[in-house]
Amino acid sequence: MCRTLRGYLFRAGVSGDRLDDAARELWNEVVREALSHEARFADDLQPRPWLLGIAVNLIRRQQTAAVQRQQREPLARDLYPAQHEEALSDDEVFERLAALTSMTDELDQEEAVNDLLQGLSPADQQLLKLAVVQQLDGKALALALAISPGAARVRLHRALDRLRQQHAPDTGPNKENAHER
Amino acid sequence: MSANAPQDSRGLLREKQAFEYTQALARGDWETVGRVLQQAQTDPLLAGMLAEIDAVLETESEALAPPARHPAHLNGHLSLTRHAEVNAHSDVKGQRPMTVMQRANTRQPLTLPYTLVAVAAAVTLLIGVLALTLRGGNPWLSPGGDSSSQPPAAVLPANPDAQAGDDPRGRCVIALT
């Protein structure tokens, strides 16, 4: 659990030398909050997401406080607003691929898949084609790739993200970095 | 192209939620992360999927930013409060009893190599003494020897002209030099 919080903080921009201490402090806060709101936890709830949800709320609270303290410093996302406004949303990019899985005509499907994946690296194309074949099922994809389901999903999600960037208008720095990653 | 049976809509929705979770984590969108976690609270399968993804991302982040020297602290085996960790040394003084796990985790990592070196030195010394005793007889232990007036053979300078039969200690000197 503490490792997950460490990963969260890493992605929240906490520097490497402070990560361990920050993760322990966050875990302490999570436990304190959980104990003080014990009554809200129903028996049928999953404890891990519940505790992580508390952690996310704490991170958001800290970030809000930090932003309020440093009102004059622009955030990275504010520097590239167009990137977020014009790129496909998570929902859109997933649905585009999901729509292909339900096509019945194999030739049409293959053509549509090739059209969608055009411009991506061969590795990404291969992975996404396999994902379409496996109906976007992470477990089936993991079996096909002989890796863990978690690793298969992370690979798929990153390939989908590159697909999103491929179809985004030529704005922001991500377009240039799309092929480098 | 589709070789498999179509995945049920709930399964597809879970995969989408997992995708949203990964993407939201990558861009620091904590609102979406929190929303997906809230959905996972009532969906054990989604919770399992997120846990698997977390495990992969943890490994990646640890490769980029390795944890400090005491990773056991991050496994949650130790006390939940940082206070207990900070006061680990005061616990030794008897202010508060420490658990076995706490003692195991607060042990200094450099103690072991020093102990090993000391044990190795002691064993080497013991073998040396045994070799002396078995090969040439220990003058300190021989019934007729004057142990108070003669230094042990090992510390005597070797005489190049001496032969092995000249002195009962000669063989030891030759053997050691």
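A residue is called buried here if 20 or more other C-beta atoms lie within 10 Å of its own. In this predicted model, that label goes to 36% of the 181 residues of chain A. For chain B, with its 177 residues, the share that counts as buried is 21%.

Both chains are built from helices. Chain A has 11 helices and zero strands, so its pattern along the sequence is simply α-α-α-α-α-α-α-α-α-α-α. Chain B has eight helices and, again, zero strands, running α-α-α-α-α-α-α-α from the N terminus on. As for how far along the sequence the contacts reach, take those with a separation of 6 or more. In chain A, residues 24 or more positions apart account for 50% of them. In chain B, 37% of the contacts between residues at least 6 apart join residues at least 24 apart.

The two chains meet through 53 residues from chain A and 49 residues from chain B. On the chain B side, the elements that give two or more residues are α1 (9–27), α2 (30–41) and α3 (44–64). Of these, α3(B) gives the most, with 13 residues. Sorted by class, the chain B side comes to 26 nonpolar, 16 polar and seven charged residues.

Several of its residues are buried, among them B:Leu46, B:Ala47, B:Met49, B:Leu50, B:Ile53, B:Val56 and B:Leu57. The buried set also takes in B:Glu52, B:Asp54, B:Glu58 and B:Ser61. What do the buried residues of α3(B) pack against? Within chain B, the partners are α1 and α2. Across in chain A, they are α1 (2–11), α3 (47–69), α9 (138–145) and α10.

Two packed helices are described by the angle between their axes and the distance between the axes. For α10 (residues 149–166) of chain A and α3(B), the axes come within 8 Å and cross at roughly 80 degrees. From α10(A), the contact draws on A:Pro149, A:Gly150, A:Ala151, A:Arg153 and A:Val154. From α3(B), it draws on B:Met49, B:Glu52, B:Ile53, B:Ala55, B:Val56 and B:Leu57. By class, this contact has eight nonpolar, one polar and two charged residues.

Helix α10(A) also packs inside its own chain. Its axis and that of α6 (residues 90–101) of chain A come within 10 Å and cross at roughly 105 degrees. These two helices, α6(A) and α10(A), are therefore roughly perpendicular to each other. Here A:Val93, A:Phe94 and A:Leu97 in α6(A) meet A:Leu160, A:Leu163 and A:Arg164 in α10(A). The class count for this pair is five nonpolar, no polar and one charged.

A:Leu97 turns up again in the largest nonpolar core. Of the 56 residues in that core, A:Ala55 and A:Leu97 touch the most other members. Setting aside neighbours within four places in sequence, A:Leu97 is in contact with A:Leu128, A:Ala131, A:Val132, A:Leu136 and A:Leu160.

Another residue to look at in helix α10 of chain A is A:Ala159. Why does A:Ala159 count as buried? It has 21 C-beta neighbours inside 10 Å, and 20 or more is the mark for a buried residue. Not counting residues up to four places away in sequence, A:Ala159 touches A:Asp124, A:Leu127 and A:Leu128. A:Ala159 and A:Leu127 are 32 residues apart in sequence, but their C-alpha atoms are 7.7 Å apart in space.

Finally, the backbone has a couple of spots to check. Most residues other than glycine have a negative phi. A:Gln135, which is not a glycine, has a positive phi of about 60 degrees. A:Ala146 likewise has a positive phi of about 60 degrees without being a glycine. Where do these residues sit? A:Gln135 lies in the loop between α8 (122–133) and α9 of chain A, while A:Ala146 is in the loop between α9 and α10 of chain A. Are they buried or exposed? A:Gln135 is buried, with 21 other C-beta atoms within 10 Å, whereas A:Ala146 counts as exposed, with 7 C-beta neighbours inside 10 Å.

Conventions:
Residues numbered from 1 in each chain as written. Chains lettered and ligands numbered in written order. Predicted model: local features only at pLDDT ≥ 70, side-chain atom pairs only at ≥ 80, totals over all residues. Contact = placed C-beta atoms within 7 Å. Helix = DSSP H or I, 4+ residues; strand = E, 2+ residues; numbered from the N terminus. Nonpolar A, V, L, I, M, F, W, Y, C, P; charged D, E, K, R; others polar. Buried ≥ 20, exposed ≤ 12 C-beta atoms within 10 Å, placed from the backbone. Axes fitted to C-alpha atoms, helices over the stretch in contact; angles between N-to-C directions. Core = buried A, V, L, I, M, F, W, Y, C linked by C-beta atoms within 7 Å. Parallel < 35°, antiparallel > 145°, perpendicular 65-115°, else oblique.
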